[in-house]
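Work through these exercises on charged side-chain pairs. Each task is followed by a stepwise solution.

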Amino acid sequence: MKLNQIAIVLPINNKFRRKLLHHLKRSLSFLFLSQILCIPAFAQSPFTPADRDRADTLLKQMTTDEKIGQLNQLFYLTLPVGGAKPRDPVIYQDLVRQGKIGSFLFLTDAKEINRLQKIAMTEQRLHIPILFGFDVIHGFDTEFPVPLATAASWDPALAEEAQRLASEEAIHAGIRWSFAPMVDIARDPRWGRISEGAGEDPYLGAAMARAQVRGFQGTPQNPRPFLATMKHFAGYGAAEGGRDYDASYISEEQLQNVYLPPFRAGVQAGAATVMSAYMDLNNVPASANPHLLQDILRKQFDFKGFVVSDAFAVASLVTQGFAKDREDAALRSFSATLNMDMGSETYVENLKALLDKGQFASAQLDDLVRPILEAKYHLGLFENPYADATDQTHAEMLAKHRRAARTAAARSAVLLRNESGLLPLSKATKRIAVIGPLADAKADMLGPWSLTAKPEDTVTIFEGLRAKFTNSQVEYAPGVQISKKHPSSFDGFLTPDLPKPWSPEESDAQMKRALQLAENSDVVILALGELTGMVFEYGSRSSLDMPGREQELLERIYATGKPVVLLLVTTRPLDLSWASEHVPAILDCYYGGTEAGNAVADLLSGDVVPGGKLPITWPRSVGQVPIYYAHTASHKPYDSEKFTSRYWDLATSPLYPFGYGLSYSTFTISDLRLSEKAISLDGSITATVTVTNTGSKTADEVVQLYLHQRYGSASRPVRELKGFRRITLQPGEKQQVAFTIGREERNYWSAAKNDWVLEPSEFDVWVGNNSTATLHDAFSVSK
Ligand code: NOJ
């Protein structure tokens, strides 16, 4: 009997089936069980049998010290954080020679990489190459839009291409491993690192995770010599109060249904490595959490790659009040199967003694070392260990990548408001005032984690507009300055320098200058938002207000009566309650990267039509946080006739819903057809709609399908994204778009069953262009 036949014959609520499942659970592997329940648990092994054979042969020749050395990753720089040990290159090279380092991070100079690699390949006993890793988060020499922006493109192919190009540049410098994609679901924009992920939704997050893994690593049929890292495993995005590093408390239901799907998808796509998070998950630090690392990652996901800790996370187990001392910390992470210690050197200091004391078996050590060696074989590092630093190829590469970065930035922007067709601007506009602290800010255009790109290569909004509107007089004034009340140790080190503060007189003079410039213009382009360091690691905020005097600047410029286009340069959904009622045009540009300014100019001029959609729900104010569309209903649903609001001072609805974004064209989505209205548990249906471009411009629409299970063993979210497609249509053109709703779209982890379920119920389907879509139909699923 085939597995799927079992599912048809034995529906999930059937007592007998439950007994059988219980028996199966005990006697068969999770993989078998997951096939019955349709849990996507089959991981693609990132390595080949040949990699494994070679790793096993090498392991047999290695001493214990050499094995432990492979688990040791060092920072090649001095970080302004506790635990980082400054070293000079001589010490590094000695450690490499002795085989005490498996990997370096933060070294990006090809010559130094090659020098150290040569020592490893020629002077170290077993000639095991070093694996050089780096945060290639959204670019290397060329920055692409930050990941939240790429998610706003709703175009996984774009995310894949961006990471492929970024890794080409990194490989050129000798880097073979990126600490990306960051796939943390984040529903609290006070948390600055929301910029690094794909937003609030597990389905969109999973699509972006898969795409980025493919971009970095290629496919099994067509592998690339580069490794991806799924991070931060798991639950980092749920930090209490949005305070970076703070504890997360996540139920198993939320973990399985919301926070893990992007990780699961990335592992399935063959991700070679996973980074364990810093924070306590339900009071057990993620970097020594057996439930996360063993039960979920190794067993449920069948992950065959290796886990690296976040920076100094192993030693931090002591600070977090979990481990007794560094030795205990090493043992707890090691026992939880964390392979590589990033930066803290607790493994290299303690594992030998722990082994000698019989705290673990040498086979356990081999198990943790093996996938690191497999990765090095898989990358071809033993044969081809050096950076290829040919300058000419590099120059050609950069020119090509800039074009892709410009397209990516334009496809990522989201048009939030466009009253009376203010946008696109006419190219004959005579005087354009470009105002705001982010309108001519090169380094801040690049966004967080742009550590290797050169700000001087970056095109600002002002520069982009000047280059596009060649017949116009385009002038610039900053107007205001923004700053953080509490700077972090990363400011000016991992993020751009904070500006030197203006005196009160200077501030007033700058405000006046900007207002004068606005008065003398035909249109004002106002770029407001946040500095890169405000949305970086350590970049949490308690408010969503526009920082500093930005709101005042906005209101005073509006008061001049000139048409205002507000450009948002940040990843945080800032409080737009005033702007959304007054400012005629608002375009969310995020941090667009190297070509940010040109992309903005393409959009404002109409050479490119905006088509991005919000990957997060936009709150009206910080008091609504956390707010996300896939909430459950309660006994007083938001849309019931009475008791519609849960606050007495504010609506419960967001300012802009998840999936929302305008275009310069208009679309209708109609004629929703379900291939069947009643199916069995094992069945699937096709939902088809017709999309028509009813406007006058060739443009993109993102067609989105949402699903809702009306009843079951647990309450389900009022709707959940289960399909999307970004399509381009000419004026008047129609296209049919079809989505499949099968087992995978209907299964979920039920807290009542403590397991994955696929249930008989009735299901609502909506298709539209945001999460409030009203085009509806329904179908039923029976046993
Ligand atoms: C800490 C960050 O949390 C992580 O995302 C990053 O990859 C490492 N540092 C290395 O830079």
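## Salt bridges

D602 and K468 pair through their side chains in a salt bridge, 2.7 Å from N to O. The term requires a side-chain nitrogen of Lys or Arg within 4 Å of a carboxyl oxygen of Asp or Glu. This is a predicted model: local features need pLDDT of at least 70, side-chain atom pairs count only at pLDDT 80 or more, and totals for chains, interfaces and linings use all residues. Residues are numbered from 1 along each chain as its sequence is written, and side-chain values use heavy atoms, leaving out hydrogens and water.

**Exercise 1.** Locate D602 and K468, then state whether each is buried or exposed.

Step 1. D602 sits in helix 24 (residues 596–605) and K468 in helix 20 (residues 461–468), so the pair ties together parts 134 residues apart in sequence. Helices are DSSP runs of H or I, at least four residues, and strands are runs of E, at least two, numbered from the N terminus.

Step 2. D602 is buried at 8% relative accessibility. K468 is buried at 18%. Buried means under 20% relative accessible area, exposed over 50%, partly exposed in between (1.4 Å probe, protein chains only).

**Exercise 2.** Find what R726 and D700 link.

Step 1. Their side chains form a salt bridge, 2.8 Å from N to O.

Step 2. The pair connects distant parts of the chain: R726 in strand 21 (residues 720–729) and D700 in strand 20 (residues 699–709), 26 residues apart.

Step 3. R726 is buried at 14%. D700 is buried at 9%.
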